[in-house]
Amino acid sequence: MDITFKDIGPVKHVCEVGCFLTETIQTKQFLGTHVKTTLIEPNPLAFKDIESKLSHYENVCLYNLAITDTGGKVKMYNTVDGIDSSAFVDSEFSPAILNNNYQKNEEDSFIVNSVSFDKIDDGEIDILYVDTEGHEWFIIKNMKSRPKFIILETHGENYVNPYMNNITMWMNKNEYKVIKKDISDTLYINCLK
């Protein structure tokens, strides 16, 4: 979802979970600014790309981790099929499986360290982008911050986020409303900020 955040007041911290490659980062407008920019990418190959191109920015914090409910180690798959590329936690609910008919192949798998989001969230995130191929709920449910804006991958073609009911209940409870949808993402705004 291409969004330019103008006239929203001060932004101190943006976070993007599942940014993949440097070219696909949604928070590019904050690179090299005064805004703390946290980028989290579990795929070690994609992370190397990000690290090599962005580690010189003083405002950027990089994490080569998956975000899960409890932390530890997690098995993931990396798909590259010419149409779409993604890395996802071992499950049957990924858009790569439901939309692109990806068949799990052990050659595509990797093990990565994971943490719950509260271990990274400093409570000050103003804008949160999450594209974790069906595991967006695990970021939201363990989040300390109440960002002004949250952008989540929620739908697309044959895919509906498997935790959509949980996400919707959390958004309602925390007074967020939908202000925009595109082909795969939903933008929520915090009505209290």
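Select strand S1 (residues 13–17) and strand S8: they pair in the parallel sense over 4 bridges. Two strands count as paired if DSSP finds at least two bridges between them. Strands here are DSSP runs of E with at least two residues, helices are runs of H or I with at least four, and both are numbered from the N terminus. Strands of a sheet pair through backbone hydrogen bonds, either parallel or antiparallel.

This is a predicted model, in which local features need pLDDT of at least 70 and side-chain atom pairs count only at pLDDT 80 or more, while totals for chains, interfaces and linings use all residues. Residues are numbered from 1 along each chain as its sequence is written, and side-chain values use heavy atoms, with hydrogens and water left out.

**Stop 1: the whole chain**

Zoom out. The protein has 4 helices and 13 strands. Of its 193 residues, 52% are buried. Buried means under 20% relative accessible area, exposed means over 50%, and partly exposed lies in between (1.4 Å probe, protein chains only). Now look at contacts, meaning heavy atoms within 4.5 Å. Among those between residues at least 6 apart in sequence, 59% join residues at least 24 apart.

**Stop 2: strand S8**

Select residues 127–130, which make up S8.

Click Val 130. Val 17 stands opposite Val 130. Leu 152 in S9 also stands opposite Val 130. Strand S9 covers residues 149–153, and S8 pairs with S9 in the parallel sense over 4 bridges.

Next, click Ile 127. Its relative accessible area is 0%, so this residue is buried. Val 14 stands opposite Ile 127.

**Stop 3**

In what order do the 7 strands of the open sheet run? They run S3-S2-S1-S8-S9-S13-S12, with mixed pairing. The edges are strand S3 (60–63) and strand S12 (176–181). Each has a single partner strand, so one side of each lacks a neighbour in the sheet. On average, neighbouring strands of this sheet are turned by 15° against each other, direction ignored.

Angles run from 0 to 180 degrees between N-to-C directions, with axes fitted as lines to C-alpha atoms, for helices over the stretch in contact.

H4 lies across S9, S12 and strand S13 (185–190). H4 runs at about 170° to S9.

**Stop 4: the cores**

The largest one has 24 residues. Which of them touch the most other members? Select Val 17, Phe 117, Leu 128, Ile 140, Ile 150 and Met 171. The elements that give two or more residues to this core are S1, S8, helix H3 (136–140), S9 and H4.

Center on Ile 140. Leaving aside neighbours within four places in sequence, Ile 140 is in contact with Leu 128, Ile 150, Leu 152, Trp 170 and Met 171. Another core, of 9 residues, lies apart from the largest one. Its members include Val 14, Ile 127, Phe 149 and Leu 187.

**Stop 5: the salt bridges**

Finish with charged side chains. Side chains of opposite charge can pair when their charged atoms come close. A salt bridge here is a side-chain nitrogen of Lys or Arg within 4 Å of a carboxyl oxygen of Asp or Glu. How many does the structure hold? The count is 7.

Select Lys 12 and Glu 124. Their side chains meet in a salt bridge at 3.9 Å, N to O. Lys 12 lies in the segment before S1, and Glu 124 in the loop between strand S7 (109–115) and S8, so the pair ties together parts 112 residues apart in sequence. Lys 12 is exposed, at 54% relative accessible area. Glu 124 is partly exposed, at 41%.

Go to Lys 53. The closest N and O atoms of Glu 23 and Lys 53 are 3.2 Å apart, in a salt bridge. Glu 23 sits in the loop between S1 and S2 and Lys 53 in helix H1, so this pair ties together parts 30 residues apart in sequence. Asp 49 also forms a salt bridge with Lys 53, at 2.8 Å between the closest N and O atoms. Asp 49 and Lys 53 are 4 residues apart in helix H1, so about one helical turn separates them. Asp 49 counts as buried at 16% relative accessibility, and Lys 53 as partly exposed at 37%. Shared partners join Glu 23, Asp 49 and Lys 53 into one network of salt bridges.

Technical notes: Core = buried A, V, L, I, M, F, W, Y, C linked by side-chain atoms within 4.5 Å.
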